[in-house]
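Keep the model open while reading.

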Amino acid sequence: MGQLIHFVVDPQGWCCMGLIIFIWLYNTIFIPKVILFPHYEEGNISVVAVLCYYFCSLFCIASLFRASVADPGKLPENPKIPITERECWELCYKCNMMRPKRSHHCSRCGHCVRRMDHHCPWINNCVGEDNHWLFLQLCFYTQILSSYTLILDFCHYYYFLPLKKENWDVFVFRHELALLRISAFMGLTILGGISRLFYTQLMGIFTDTTSIEKMSNCCEDISRPRKPWQQTFSEVFGTHWKILWFIPFRQRQPLRVPYHFANHV
């Protein structure tokens, strides 16, 4: 299964991840203070709307941290190659190590990763076989949280009844419009970028092709048989139970499938 915690020393990745955490903190602090709590106190929204926002926020930050520190599938220095699968391994000319096919060498991390999709600076980690499912969850919950935030921003001015009493926080009350405009701008920017990324990730899983394979045209469409989408998603998430695909608070167990259908070696 690899290391429990995988830490990449990359200042650029730290800056990118720090920006994501700042945006998450901004919306998690100011959206409830400006919109959710005041309208809940006056009966404009129910407690379910408040809890749903915090659940989305919790799942988003949990998948972010887990995708960042999870081992993406780093190969050990002296991997044990099963005799029946030796023909399915190849030599990496960058680190001079044997690796299973569909692995790739990450120049930023300095090692090979099983079924590597790409190196993502926003999580400061590679997206590989063992953390791809967490990256998908991050994209999914980020879209939900951004959409939810934009809906609340819109409803606050155009749908909800005006608040009867002023916000007790003087800073929030005086800068309410600016705070919500910043929130809407960040929400639109993130939603646009993440939606496109999430779509390409889904298409890659449907076709059982990584981003690197698409760019290098080495996906071996002729030699590798096609699999049903349920099988490819189950291999990525490590379970056939679809409800578990949405839960970041669990451990992934690789499915035991034949090599020519497998992502895990």
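Is Cys-88 buried or exposed? Cys-88 counts as buried, because its relative accessibility is 16%. Buried here means under 20% relative accessible area, exposed over 50%, and partly exposed in between (1.4 Å probe, protein chains only).

## Basis of the model

This is a predicted model, in which local features need pLDDT of at least 70 and side-chain atom pairs count only at pLDDT 80 or more, while totals for chains, interfaces and linings use all residues. Residues are numbered from 1 along each chain as its sequence is written, and side-chain values use heavy atoms, with hydrogens and water left out.

## Overall fold

The chain holds seven helices and six strands. Helices (H or I, at least four residues) and strands (E, at least two) are DSSP runs, numbered from the N terminus. Their order from the N terminus is α-α-β-β-β-β-β-β-α-α-α-α-α.

The chain has 265 residues, and 48% of them are buried. Contact means heavy atoms within 4.5 Å. Take the contacts between residues at least 6 apart in sequence: 65% of them join residues at least 24 apart.

## Cysteines

How many disulfides does the chain have? The count comes to zero. A disulfide is a pair of cysteine sulfur atoms within 2.5 Å. Cys-92 shows the point: its closest cysteine sulfur, in Cys-112, is 3.4 Å away, so the pair is too far apart for a bond. Cys-92 is buried, at a relative accessible area of 2%.

Cys-126 sits in strand β6. Its relative accessible area is 0%, so Cys-126 is buried. Leaving out residues up to four places away in sequence, Cys-126 touches Pro-72, Cys-106, Cys-109, Val-113, Met-116, His-118, His-119 and Asn-131. Cys-126 and Ala-70 are 56 residues apart in sequence, yet their C-alpha atoms are 9.4 Å apart.

## Helices α3 and α5

Helix α3 spans residues 132-158 and helix α5 spans residues 176-206. Their axes come within 8 Å and cross at roughly 145°. Axes are lines fitted to C-alpha atoms, for helices over the stretch in contact, and angles run from 0 to 180 degrees between N-to-C directions. The α3 and α5 crossing is left-handed. That term applies if the near helix is turned anticlockwise from the far one by less than a right angle; clockwise makes it right-handed.

The contact of α3 with α5 involves 16 nonpolar, 11 polar and two charged residues. Ala, Val, Leu, Ile, Met, Phe, Trp, Tyr, Cys and Pro count as nonpolar, Asp, Glu, Lys and Arg as charged, and the others, Gly among them, as polar.

His-132 belongs to α3. His-132 counts as buried because its relative accessibility is 4%. Beyond its neighbours within four places in sequence, His-132 is in contact with Arg-115, Asp-117, Val-127, Gln-201, Ile-205 and Val-236.

## Helix α7

Why is helix α7 (residues 229-237) described as largely enclosed by the rest of the structure? Seven of its nine residues are buried. They are Gln-231, Thr-232, Phe-233, Ser-234, Glu-235, Val-236 and Phe-237. Their cover includes α3 and α5. Gly-238 follows α7 and has a positive phi, near 75°.

Phe-237 touches Trp-133, Leu-136, Gln-137, Trp-245, Arg-250 and Arg-252, residues up to four places away in sequence not counted.

## Nonpolar cores

A nonpolar core is a set of buried Ala, Val, Leu, Ile, Met, Phe, Trp, Tyr and Cys residues joined through side-chain atoms within 4.5 Å. The largest one has 46 residues. Ile-31, Ile-35, Leu-36, Tyr-53, Ile-123, Leu-152 and Phe-237 touch the most other members. Helices α1 (11-41), α2 (47-69), α3, α5 and α7 each supply at least two residues of this core. The largest share, 11 residues, comes from α3. Apart from this core lies another, of seven residues, among them Cys-109, Met-116, Cys-126 and Ile-212.

Asn-124 has a positive phi near 55°, and is not a glycine. Asn-124 lies in the loop between β5 (118-120) and β6 (125-127). With a relative accessible area of 3%, Asn-124 is buried.

Asp-208, also not a glycine, has a positive phi of about 55°. Its place is the loop between α5 and α6 (211-216). Asp-208 is buried, with a relative accessible area of 5%.
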